[in-house]
Every structure is written in structure tokens, then in C-alpha cells.
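I opened my notebook and picked a few places to look up. My notes follow in the order I made them.

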Amino acid sequence: MILKGFEALKSFLEKPRNIVVIGHRNPDGDAMGSTLALKHYFDKKGHHTTVVVPNEYPEFLHWLPGSDTTYRFDWQNTQSQRAINGSDIIFLLDFNALHRVGHDMQKTLEKYPNDFAMIDHHQQPDDVKYMYSDVTICSTCQMVYQFIEMNNDLDLIDADIATCLYTGIMTDTGSFRFRSTTSTTHRIIADLIDKGAENDKIHNNVYDANSYNRLLLLGQALSNLQILPTYKTAYITLTTEEKKRFDFQKGDTEGIVNYALSLKGIIFAAIFIEDAEQGIVKMSFRSKGSFSVNQFSRNHFNGGGHDNAAGGKSDLSIEKTVTKFVTLLPQYQKELEASYED
Ligand code: 5GP
Ligand code: MN
């Protein structure tokens, strides 16, 4: 755990400040939940807080309290720049390096004259002035709860904050099932329910909001699934054409990689998704046990994340990317055989 400059940050925040809070590009439940929760908390403390999101987030997160106040840096650039330029400090949540916001926004942040504060649980964080980094914690939302606790402000957590924090803990723990889910996580979740988070509604809003096309896209993904038993590996591909056929919307592919990991005996799963807009193939990697997909992705696919959940990207065609992936597996065979789940 790294806690840097906490007392100085506390003094800095004794006066009302203009604060911008930012999550990573292609925000997930944890990025949106943590940034919005922190905004609600800071606003209650008398600050003026704006959440600037690098780009659009999935429809199934638009119901989050405060979602209507956010700016998307890519298509609400004027408002986003104005908020950033007028701020006294920027909070970076749920990401560990500036490039994770995307090229244009990174350029803007690199010119930022004031300080950054980071609250994040990813490995190998960039160094900024104020830091709360802990790679053992399941979600940035849990860290925001603990940050509020460190400030002796748990009483300020209302139903909106509780709802945002519950959402991110739920999505980043695969609904409280990953190893990173601890008894502390469950105690925090219990407190969030006491403070007004409606667990059934939140699960429903996030997980039971599928369109018919999204299910058909999942069907396509599953029929593309390939299994490589020698390496305890399974992978899925989705091409631009397939995404178009099922009217792909942002967020539609989220979680699909977990189906590959749900196969008995599989401990390494990947999904390769063509992204025609960016001209890349976006990958998600998942593993069980000691095989680090963070390291695998850093080594070969320009990415990173956590030991058991990471992402990466490739400039090659989807076919060549898959070939590269499959060709790499033999050198990891021993590690893959040794990594297992009880
Ligand atoms: P997902 O596969 O759900 O997009 O991401 C899994 C984890 O890896 C998340 O914590 C995410 O922030 C991280 N991640 C995803 N893509 C990248 C990437 O391209 N680079 C890095 N450093 N981390 C990534
Ligand atoms: Mn997270």
C-alpha cells in the first residue's frame, strides 16, 4: 500500500476547491462508481466537483446518481477543458498511468499546472504528488470508501454515494466472487446497504439490462470460442462485421471473456475484439491462480491491469493477433500448468 501526502492533501482540502475527478478511458462500473461517489462526497464537503470522463460509458451505467452531470472529454471537449483548466486539483481514479485516458486527454493532462491525486488499485502506478494506491484491494470504490473513512466522514455517505460505491465493488469483484473480495469488502457492502444502497435494484440495473441484440452477440461470441486444452486456455474473437450484425453498443462485450474462463479446467481466457474506429484489436485477459495476465499483457500486448484481469491492444489484424497469442502459449506452458484453482 502506498499512502503519500495524505495529511498535506487533507490541509489542501480544508478550503473549498474546484476539483476535477477523472476515470480511465472506456469506463467500467468501478471507474464510474468511484468518480461519481467522490464527486458527491466532495460536493457535500463544500467543494465544486466535476467528473470528466474520457469517452462514453455503457448505457447500463447511465442510471448512476450524478451521471447526468458528467462531461465526456471527446464530445464535450469545451466543457471538459474549461473544467480542467479551472480546477485546483485533479483526482485520478481507477487507473495508474496518464496514457490510460487516451491520447488527446493525456496531452491535456500533461500540460496541467496543478497537482494530481491518485486513488487506484492497479499495479505499477505512476508517481504523482498525492497517492493512495493498494493493489490488494478489490476495487477503487472500496478505496474511496476507505478514503472517506480515513477522513472520519463515514457519516457523510448517503444513498447516492452508497449506490455508486456498491456498484463499483459489485462489478470489479464479479459480484463478490473474486479472491480480492474479503470480509472487509463484505462489511463495507453491509454498511453501504445500511446507508441506502438498494442491492437488488443495482444488480438489476447493471446485469438485467440486456438488449436482444446483445444476447445474440454473446451467442456469436460463444460460437467463436476456441479451446486449447494443452495450455488450459480458451479464447473468443469478435470481428467488426459481427459487431455490426448485432448492432453493437458500447458495453455489449463487457463480461463475455468470463464465459471462456467458466469452462472447467480453463485457467487462462482471452477475448479479441476488432475496434475499427481506433484501428486496433482490443483484448481482455483473465486468469485463475498464479498466472499473471498483467505481466503477460505488459510483455506482449502493450497493456496491463491486475494479476487475474488485464487488458491490452494490438495494431495487427485480428487473425495475426490471435496467431501471435497462440504462438506465445508454449513458452508459458509450465506456468499455465502450475496455475490452478481449487
Ligand atoms: P478489461 O479487460 O475489463 O477491459 O480490463 C481489465 C483490467 O485491465 C482493468 O482493471 C483495466 O483497467 C485494465 N486494462 C484494460 N485494458 C488495459 C490497457 O490497455 N492497458 C492497461 N495498462 N490496463 C488495461
Ligand atoms: Mn477497478
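Predicted model: local features only at pLDDT ≥ 70, side-chain atom pairs only at ≥ 80, totals over all residues.

**Entry 1: helix α13**

I asked what the buried residues of α13 pack against.

Next I listed the buried residues themselves. Helix α13 covers residues 318-328, and its buried residues are I318, T321, V322, F325 and L328. I then looked down the helix axis. The buried residues of α13 fall within an arc of 125 degrees, so they line one face of the helix. I reminded myself of the rule behind this. An α-helix has 3.6 residues a turn, so residues three or four places apart point the same way.

I turned to the other face. There, away from the buried side of α13, I found the exposed residues E319, K320 and T327.

**Entry 2: I318**

Is I318 buried or exposed? I read a relative accessible area of 5%; buried means under 20%, so I318 is buried.

I listed its contacts, leaving out residues up to four places away in sequence. I318 touches T237, L238, F272, E274 and V281. I also checked a distance. I318 and D275 are 43 residues apart along the chain, and their C-alpha atoms are separated by 9.6 Å.

**Entry 3: I236 in strand β9**

I moved to strand β9, where I236 sits. I read 0% relative accessibility for I236, which counts as buried.

Which residues does I236 touch, not counting those up to four places away in sequence? I wrote down A221, L225, I256, A260, A270, I271 and F272. I took one of these, I256, for a distance check. I236 and I256 are 20 residues apart along the chain, with 8.5 Å between their C-alpha atoms.

**Entry 4: two domains**

I stepped back to the whole chain. The domain assignment gives domain 1 as residues 2-207 and domain 2 as residues 212-338. How many Å separate their centres? I noted 27 Å, taken over C-alpha atoms. The contact between them takes 14 residues from domain 1 and 10 residues from domain 2.

**Entry 5: α6 against α7**

I looked at a pair of helices next. Two packed helices are described by the angle between their axes and the distance between the axes. I looked up both values for α6 (residues 159-172) and α7 (residues 183-194). The angle is about 145 degrees, and the axes are 9 Å apart. I recorded the crossing of α6 past α7 as left-handed.

Which residues make the contact? From α6 I listed A162, L165, Y166 and I169. From α7 I listed T185, I188, I189, L192 and I193. I sorted the residues of this contact by type: 8 are nonpolar, 1 is polar and none is charged.

**Entry 6: helix α5**

I checked how well α5 (residues 140-150) is covered. It is mostly covered, with 9 of its 11 residues buried. I wrote the buried ones down: T140, C141, Q142, M143, V144, Y145, Q146, F147 and I148.

**Entry 7: positive phi values**

Most residues other than glycine have a negative phi. I found a positive one after α5, at N152, where phi is near 55 degrees.

S175 is another residue with a positive phi, near 60 degrees. I located S175 in the loop between α6 and α7. At 28% relative accessibility, S175 counts as partly exposed.

D247 also has a positive phi, near 50 degrees. I placed D247 in the loop between α10 (240-245) and α11 (257-261). Its relative accessibility is 45%, and D247 counts as partly exposed.

**Entry 8: S67 in a loop**

My last stop was S67, in the loop between β3 (48-53) and β4 (71-72). Is S67 buried or exposed? I read a relative accessible area of 5%, so S67 is buried.

I listed its contacts, again skipping residues up to four places away in sequence. S67 touches L36, Y57, L61, H62 and R72. I finished with a distance. S67 and N55 are 12 residues apart along the chain, and 13 Å separate their C-alpha atoms.

Key. Residues numbered from 1 in each chain as written. Chains lettered and ligands numbered in written order. Heavy atoms only, no water. Axes fitted to C-alpha atoms, helices over the stretch in contact; angles between N-to-C directions. Helix = DSSP H or I, 4+ residues; strand = E, 2+ residues; numbered from the N terminus. Left-handed = near helix turned anticlockwise from the far one by under 90°. Contact = heavy atoms within 4.5 Å. Nonpolar A, V, L, I, M, F, W, Y, C, P; charged D, E, K, R; others polar. Buried < 20%, exposed > 50% of the residue type's maximum accessible area, 1.4 Å probe, protein only. Arc of directions from axis to C-beta. Domains from an automatic or database assignment.
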